[in-house]
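Here are a few exercises to work through with the model open beside you. Try each task before you read its solution.

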Amino acid sequence: MSHDHDHGDDGEDGAGAPWSDVQLRVQALESLLVEKGLVEPAALDALIDTYETQVGPRNGARVVARAWTDPDFRRRLLDDGTGTTAALGYAGRQADHLIVVENTPSVHNLVVCTLCSCYPWAILGLPPVWYKSAPYRSRAVLDPRGVLRELGTEIADDVEVRVWDSTAEVRYLVLPERPAGTDGWSEDQLASIVTRDSMIGVGRIEAPAEPPAADGADGAGGAAP
Amino acid sequence: MNGVHDMGGMHGMGPVVREPDEPIFHHEWERRVLALTLACGALRRWNLDMSRHTRELMPAAGYLASSYYERWLWGLERLLATHGLLAPGEIERRMAAGESAAPAAPAAPLAPAATPGLAPLRAAAVPALVRAAGHARVRVDAASRTSRSSTMNGSVGSWP
């Protein structure tokens, strides 16, 4: 753990902290909790490793690719998001009531948590800073088309925008539209082009001119592995 | 509650800025706060709803001025104090000791009422914790939905 006092210049949604030495404060808290026997350092490391390297948007990309290639799976996913994703092994924290909403040529879905940061961790990993930021939380429900435009996605006037406000109880996953030009692609190839942002509803998926190499599938760009 | 955390529909928060190639954590202390919050939650003295409620008690000016994991840290400290697991001023004393290079102040003993059945999360139990649901069920009362959220197209925002 470094001792850098580097808080306050990180561009997060809250410059100007209630204390300037947050790094030192967290170190003090951790050392106290370890001494009291309330936390085990190895468990802390295991938790960090889980959410930094094991759980992430590649899980969601695999769900989406399966839904694109298996109509029966797609029906079950839209009918029972929790059970259907759990059957793939993506059950758990913050996905115990998962609702999957499908984008179509006439409907675009957008997910937000206006109250805090609710997000399907088991499917997408930890949410990005912008999802947890005051601008997104306040404006996604007020001006979703404007927010989408700022994030690079223009929604035509004749397309309905549906905004889903997550709660501690219910989380959402957007099933994006399968892009044209991907006929005959394998599930792995399809998974490799599914982005995290498309599963939150703030981006569309464009197919590259050439299918990705079958063995190089590593989808859900926009986040670390 | 009608607190500052209930941000849906507020004006004046500025544009949404997306950081290219954003890392999962921006600072080491953010990793530690996430892990400490989950590990302390596994002590089963409070549930996810209580964690959120505690963060929502943060005074509005501080809430707006704080980053995400700073709010988590604020909430965790208060939950620990409320449940007798952290003594008043204990963190500040430890921080002061760290800066003066003096021997660290010993950790205060746990309040007796806080200790029955208290077992720290072990690393071997982390996979099971990660796969478990994060909170107890609570009934959602439709009447408590905020007017701002419930009028939005397709929104099901609610918080009891």
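Helices (H or I, at least four residues) and strands (E, at least two) are DSSP runs, numbered from the N terminus. The model is a predicted one, in which local features need pLDDT of at least 70 and side-chain atom pairs count only at pLDDT 80 or more, while totals for chains, interfaces and linings use all residues. Residues are numbered from 1 along each chain as its sequence is written, and chains are lettered from A and ligands numbered from 1 in the order in which they are written.

**Exercise 1. Describe the make-up of chain B.**

Step 1: count the elements. Chain B has seven helices and zero strands, so the order from the N terminus reads α-α-α-α-α-α-α.

Step 2: look at burial. A residue is buried if 20 or more other C-beta atoms, placed from the backbone, lie within 10 Å of its own, exposed if 12 or fewer, and partly exposed in between. By this rule 34% of the 160 residues of chain B are buried.

**Exercise 2. Classify B:Glu28 as buried, exposed or partly exposed.**

Step 1: locate B:Glu28, which sits in helix H1 of chain B.

Step 2: apply the cut-offs. B:Glu28 is partly exposed because 17 C-beta neighbours fall inside 10 Å.

Step 3: check a distance. B:Ser67 is 39 residues from B:Glu28 along the chain, and their C-alpha atoms are 14 Å apart.

**Exercise 3. Work out which helix gives the most to the side of chain B that touches chain A.**

Step 1: find the contacts, meaning pairs whose C-beta atoms, placed from the backbone, lie within 7 Å. Here 73 residues of chain B are in contact with 72 residues of chain A.

Step 2: Ala, Val, Leu, Ile, Met, Phe, Trp, Tyr, Cys and Pro count as nonpolar, Asp, Glu, Lys and Arg as charged, and the others, Gly among them, as polar. The side of chain B that touches chain A then splits into 40 nonpolar, 18 polar and 15 charged residues.

**Exercise 4. Trace the largest nonpolar core.**

Step 1: follow A:Val64. Leaving out residues up to four places away in sequence, A:Val64 touches A:Leu175, A:Pro176, A:Val194 and A:Met199.

Key:
Core = buried A, V, L, I, M, F, W, Y, C linked by C-beta atoms within 7 Å. Contact = placed C-beta atoms within 7 Å.
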